[in-house]
Amino acid sequence: MKNITNVFWYALALVALAVGFGAFAPTSFEKLTGTMQSFITTNFGWYYLSVVSLMVLFTIIVIVSPFGKIRLGKDTDRPEYSRISWFSMLFSAGMGIGLVFWGAAEPLSHYAISPATADPETRNAFRESMRYTFFHWGLHAWAIYAIVALALAYFQFRKGEPGLISATLKPIFGDKMNGPWGVLVDVFAVFATVVGVATTLGFGAIQINGGLSYIFGIPNEYWVKVVIIAVVTVLFLISAWSGLSKGIKYLSNANMILAVTLLALVVILGPTLLIFNMFTDSLGSYLQNVVRMSFSAAPLDAGNREWINGWTIFYWAWWISWSPFVGIFIARVSKGRTIREFLIGVLLIPSLVSFFWFAAFGSTAINIQQKVTDLTGLKTEETLFAVFNELPMSMVLSIIAVILISTFFITSADSATFVLGMQTTNGSLNPSNMVKVVWGIAQSSIAVILLSADGLSALQNLLIVAAFPFSLIMVLMMVSLYKSLTDEVKRMKISKS
């Protein structure tokens with residue numbers, strides 16, 4: 001395996017240590033990570049809310065500033081992928097399984113099970129459920145991805161640096177990033193990526209099993225999840241072996257076709273008028289309240305603060321832990337675009353699609369909860385299929401959903417192996433297949449071991465813990481990027497004068 005760096009071995013050892021602890025002492029592991037997670041969310045919840053809001057503000061400032069004209073590459077470079085393929089790839093990597101897993105379940109939970117502030121199953125709870133779901137999956141999530149992706153693409157394609165997180169900090173720390181400090185930064189990035197992706201793969205296996213159980217009566221048991229992970233692992237390793245321009249690109253395009261098909265069917269077969277009305281109303285409510293929600297720490301309301309910790313802070317940590325993976329991948333496929341085009345594409349389009357997705361699936365689920373049957377007693381992974389069961393063509397919808405979750409599973413794992421390969425081979429744009437295979441098998445093994453130990457909740461705790469140090473690195477990335485962009489704009493003005 002050529003070009004392997006110390007980052008590979010240190011990160012692999014750190015992952016093995018965490019997984020070994022989780023496998024052999026699951027109770028102690030969950031207790032330790034739970035204590036750490038509780039400490040961070042209780043004492044640093046304000047920090048998560050503030051820093052993620054700062055990221056949104058930073059991206060907006062860059063879009064409207066002269067920085068937006070700078071190209072991610074040489075001035076003569078042009079995009080390698082069409083806008084449709086580019087959007088499909090970044091969307092599949094950036095959200096994927098999460099949209100299907102939470103599409104009906106999150107709005108329903110905010111409405112009927114645990115609203116943020118409203119009384120359950122009221123009109124206010126309906127409006128609030130959609131507004132907060134938009135909040136969790138909208139501009140803030142994509143701003144987190146955009147910061148990492150922009151810094152990496154700019155320094156790699158414009159400045160000729162390796163595609164490493166550590167390389168983006170050189171304007172601040174200089175050559176120190178070529179030594180042990182740079183290795184430490186990259187190890188944190190790899191570890192955060194592995195934890196974030198493993199959590200999502202666990203969700204994916206659980207929901208595929210839930211769907212197969214609900215549709216075909218297949219047992220909802222651990223061994224079935226192992227078989228699912230094994231089959232998907234073989235498929236995504238084949239895709240990873242075939243390379244970025246073939247496997248990931250074709251699967252991402254297939255994802256979008258399946259997702260659009262499923263979304264269109266739900267809109268047509270579900271409460272169509274309610275979906276469009278809720279999308280419009282919720283979009284306006286989101287825009288009207290986004291600043292208040294962004295900084296809502298609920299210091300005087302213990303119940304609401306617990307809800308914020310369990311939902312908003314968890315999501316911000318999840319997106320941060322995913323940001324090295326998604327950011328590196330988006331950067332890799334974005335060479336040649338201007339910064340303004342890049343940020344508008346990454347921030348606005350996926351957010352709007354996510355909003356309409358949740359308006360469709362969430363409104364349908366809540367409408368069924370109001371008028372047909374109680375869905376609140378179901379497991380989260382079964383909610384979507386229970387919703388489909390109350391619609392025409394229920395079997396067709398459920399089968400499409402299972403296939404879509406599977407393809408999203410494959411592209412997420414496929415993209416992650418590619419990114420982990422890059423990060424552990426000094427930023428190579430084409431890491432060796434063997435390195436990708438090692439990380440692919442490692443990710444799947446983590447999911448299998450932690451599912452066997454019922455360690456998904458512990459992994460979610462670990463996700464929040466791992467995201468904390470990486471959020472500090474992201475703040476430094478913004479400072480470094482602003483410094484370098486400012487210097488470049490000054491040079492451009494001097495050269496033109």
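**Group meeting talk: helices, pockets and a few residues**

In helix 5, the buried residues are Ala105, Glu106, Pro107, Leu108, Ser109, His110, Tyr111 and Ala112. That is where I want to start. Keep in mind that this is a predicted model.

Helix 5 covers residues 105–113. Eight of its nine residues are buried, so the helix is mostly covered. What do those buried residues of helix 5 pack against? They pack against helix 4, which is residues 97–102, and against helix 6, helix 13, helix 14 and helix 15, which is residues 380–389.

Two of those partners come next. Helix 6 runs over residues 123–137, and helix 13 over residues 302–332. Their axes are 10 Å apart. The packing angle is about 25°. Helix 6 is therefore roughly parallel to helix 13, because angles under 35 degrees count that way.

Which residues meet there? From helix 6 we have Tyr132, Phe135, His136 and Trp137. From helix 13 we have Trp307, Trp311, Thr312, Tyr315, Trp316 and Trp319. Sort the residues of this contact by type, and you get eight nonpolar, two polar and no charged.

Now the loop that leads from helix 5 to helix 6. Glu121 sits in that loop. Its phi is positive, about 60°, although Glu121 is not a glycine. Is Glu121 buried or partly exposed? Its relative accessible area is 42%, so Glu121 is partly exposed.

There is another positive phi in a residue other than glycine. Ala298 has phi near 45°. Ala298 lies in the loop between helix 12, residues 272–294, and helix 13. Here the relative accessibility is 11%, so Ala298 counts as buried.

Let's stay with helix 12. Ser294 lies in this helix. Ser294 has a relative accessible area of 4%, so it is buried. What does Ser294 touch, leaving out residues up to four places away in sequence? It touches Leu49, Ser53, Phe135 and His140.

Ser53 lies in helix 2. It counts as buried, because its relative accessibility is 8%. Ser53 touches His140, Ser294 and Phe295, again not counting residues up to four places away in sequence. Look at Ser53 and Phe295 as a pair. They are 242 residues apart in sequence. In space they are 7.7 Å apart, C-alpha to C-alpha.

Next, pockets. The largest pocket holds about 270 Å³ of space. Twelve residues line it. Gln37, Gly310, Phe314, Gln460 and Asn461 lie nearest its centre. How does the lining of the largest pocket divide by type? Five residues are nonpolar, seven are polar and none is charged.

The second largest pocket holds about 220 Å³ of space. It is lined by 14 residues, and the closest to its centre are Leu14, Ala18, Met36, Phe191 and Leu462. Which elements give two or more residues to the lining of the second largest pocket? They are helix 1 at 6–24, helix 2 at 26–64, helix 9 at 180–216, and helix 18. The lining divides into 13 nonpolar residues, one polar and no charged.

Leu348 lies in helix 14, which is residues 339–371. Its relative accessibility is 43%, so Leu348 counts as partly exposed. Leu348 touches Leu139 and Leu343, not counting residues up to four places away in sequence. Now take Leu348 and Ala413. They are 65 residues apart along the chain, and their C-alpha atoms are separated by 25 Å.

The other is Glu80. Glu80 lies in the loop between helix 2 and helix 3, residues 83–94. At 49% relative accessibility, Glu80 counts as partly exposed, because exposed means over 50%. How far apart are the C-alpha atoms of Glu80 and Phe191? They are separated by 29 Å, and the two residues are 111 apart along the chain. Phe191 is one of the residues closest to the centre of the second largest pocket.

Notes
Residues numbered from 1 in each chain as written. Predicted model: local features only at pLDDT ≥ 70, side-chain atom pairs only at ≥ 80, totals over all residues. Heavy atoms only, no water. Axes fitted to C-alpha atoms, helices over the stretch in contact; angles between N-to-C directions. Helix = DSSP H or I, 4+ residues; strand = E, 2+ residues; numbered from the N terminus. Parallel < 35°, antiparallel > 145°, perpendicular 65-115°, else oblique. Contact = heavy atoms within 4.5 Å. Nonpolar A, V, L, I, M, F, W, Y, C, P; charged D, E, K, R; others polar. Buried < 20%, exposed > 50% of the residue type's maximum accessible area, 1.4 Å probe, protein only. 1 Å grid on protein atoms, 1.4 Å probe; cavity = no way out; pocket = protein on both sides within 12 Å on 5 of 7 lines; lining within 4 Å. Points joined across faces, edges and corners; volume = space filled by probe spheres on them.
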